[in-house]
Amino acid sequence: MNNSDTIKGFLIFEKRSGRPYINRTYPGFNADPFLLISFLNAMIKFAKEAMIGRTEIKMIDMQDLRFAFIESKGIIFTAISSNRESPLDLEFKIKTIESLFFETFTEKELRNPALSLEHYKSFNQVVDEVLKGEV
């Protein structure tokens, strides 16, 4: 299966403020990143409240889209894909990106709102490589 058909986007953002560190969208998927982050935050909050006592939410399918995410250290890593994408493959890619992100940026950097979002732009290439299966 061609990842260019199945992976639609990838976002890394701070849960509390919604500050986007990484916002990757791929051809055929056009969404305002700030609307998407607000939507994801609301969806994650609703899903957690609606499923009291269950394990952490990791995937939600909506029509043809699959939202897969991990929350770690107050930061949300979200992959948006076609629902044809393997859940195990998505989870592996998200965990790989999460690990590389925390190796690349210190907690001090991530908590510093004075740092421009341009500071994180070099990580876009890492996200693209992991999602394409090149890493």
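Predicted model: local features only at pLDDT ≥ 70, side-chain atom pairs only at ≥ 80, totals over all residues.

Colleague: At what angle do H3 and H5 pack?
Modeller: About 155 degrees, with the axes of helix H3 (residues 87-104) and H5 10 Å apart. Axes are lines fitted to C-alpha atoms, for helices over the stretch in contact, and angles run from 0 to 180 degrees between N-to-C directions. So H3 is roughly antiparallel to H5 (that label needs an angle over 145 degrees). Helices (H or I, at least four residues) and strands (E, at least two) are DSSP runs, numbered from the N terminus.
Colleague: Which residues of H3 and H5 make the contact?
Modeller: Lys93, Thr96, Ile97 and Leu100 of H3 meet Val126, Val127, Val130 and Leu131 of H5. Contact means heavy atoms within 4.5 Å.
Colleague: New topic. What is the strand order in the sheet?
Modeller: E2-E1-E5-E4-E3, in an open sheet of five strands with antiparallel pairing. Two strands pair if DSSP finds at least two bridges between them.
Colleague: Which strands stand at the edges?
Modeller: E2 (20-25) and E3 (59-62). Each has a single partner strand, so one side of each lacks a neighbour in the sheet.
Colleague: How many bridges join E1 and E2?
Modeller: Five, linking strand E1 (residues 7-14) to E2 in the antiparallel sense. Gly9 has Thr25 in E2 as its bridge partner.
Colleague: And which strands does H5 touch?
Modeller: E1 and E2, as H5 packs on the sheet.
Colleague: Where is confidence lowest?
Modeller: In helix H1 (residues 3-6), with a mean pLDDT of 62. pLDDT is the predictor's confidence in each residue, from 0 to 100.

Conventions:
Residues numbered from 1 in each chain as written. Heavy atoms only, no water. Parallel < 35°, antiparallel > 145°, perpendicular 65-115°, else oblique.
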